[in-house]
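Q: Hi! Could you walk me through this model in plain words? I'd like to begin with its surface.

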Amino acid sequence: MQWEVEALEPAELRRLVLDAVDPYIDRDVLARQIAREEEQRRALAAFLNGWDAAGGGAPA
């Protein structure tokens with residue numbers, strides 16, 4: 001089967017790709033990775049908030 005991906009709507013292309021890979025996704029691993037990324041985002045946001053509070057941000 002061959003498709004011209006430019007001819008597909010982005011939402012349809014996304015659906016096709018997600019449907020194709022879904023059976024291969026380990027949901028436990030995915031959940032752990034998402035939690036890890038969220039913790040990293042929180043840590044970075046805390047660092048940046050501290051940086052700005054200490055006057056390390058860009059000049060106004």
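Q: Which residues make the nonpolar surface patch?

A: Val17, Leu18, Val21, Ile25, Leu30 and Ile34 make it, and the patch covers about 440 Å². Patch residues have over 30% relative accessible area and no salt bridge; nonpolar side chains (Val, Leu, Ile, Met, Phe, Trp, Tyr) are joined within 5 Å, and like charges within 9 Å. Accessible areas come from the Shrake-Rupley method with a 1.4 Å probe, and for residues only the protein chains shown count as cover.

Q: And which elements give two or more residues to that patch?

A: Helix 1 (10-21) and helix 2 (27-53) do. Helix 1 provides the largest share, three residues. Helices (H or I, at least four residues) and strands (E, at least two) are DSSP runs, numbered from the N terminus.

Q: Before we go on, is this predicted or experimental, and how are things counted?

A: It is a predicted model: local features need pLDDT of at least 70, side-chain atom pairs count only at pLDDT 80 or more, and totals for chains, interfaces and linings use all residues. Residues are numbered from 1 along each chain as its sequence is written, and side-chain values use heavy atoms, with hydrogens and water left out.

Q: Thanks! Where is Ile25?

A: Ile25 sits in the loop between helix 1 and helix 2. Its relative accessibility is 31%, so Ile25 counts as partly exposed. That label lies between buried (under 20% relative accessible area) and exposed (over 50%), using a 1.4 Å probe and protein chains only.

Q: New topic: how many helices and strands does the chain have?

A: The protein chain has two helices and zero strands. Its radius of gyration is 20 Å, well over the 10 Å that the globule rule gives for 60 residues, so the chain is more spread out than a compact globule. The radius is taken over C-alpha atoms, and the rule is 2.2 Å times the number of residues to the power 0.38.

Q: What box do the C-alpha atoms fill?

A: Along the principal axes, the box is roughly 60 × 35 × 15 Å. For an example of spacing, Leu8 and Leu44 are 36 residues apart in sequence and 37 Å apart in space, C-alpha to C-alpha. Leu8 belongs to the segment before helix 1.

Q: How much of the chain is buried?

A: Buried residues make up 2% of the 60 residues. The accessible surface comes to about 5600 Å², with 60% of it belonging to carbon and sulfur atoms.

Q: What about charges: how many salt bridges are there?

A: The structure holds six. Each one has a side-chain nitrogen of Lys or Arg within 4 Å of a carboxyl oxygen of Asp or Glu.

Q: Why would such side chains pair at all?

A: Side chains of opposite charge can pair when their charged atoms come close.

Q: Which residue does Arg15 meet?

A: Arg15 meets Asp19 in a salt bridge (2.7 Å, N to O). Both lie in helix 1, four residues apart, about one turn of the helix. Glu12 joins in too: Glu12, Arg15 and Asp19 are linked in a network of salt bridges.

Q: And which residue pairs with Arg27?

A: Asp22 does, with 2.1 Å from N to O. Arg27 has 46% relative accessibility, so it counts as partly exposed.

Q: What about Glu37?

A: Glu37 forms a salt bridge with Arg41, their closest N and O atoms being 4.0 Å apart. Glu37 and Arg41 are separated by about one helical turn because they are four residues apart in helix 2.
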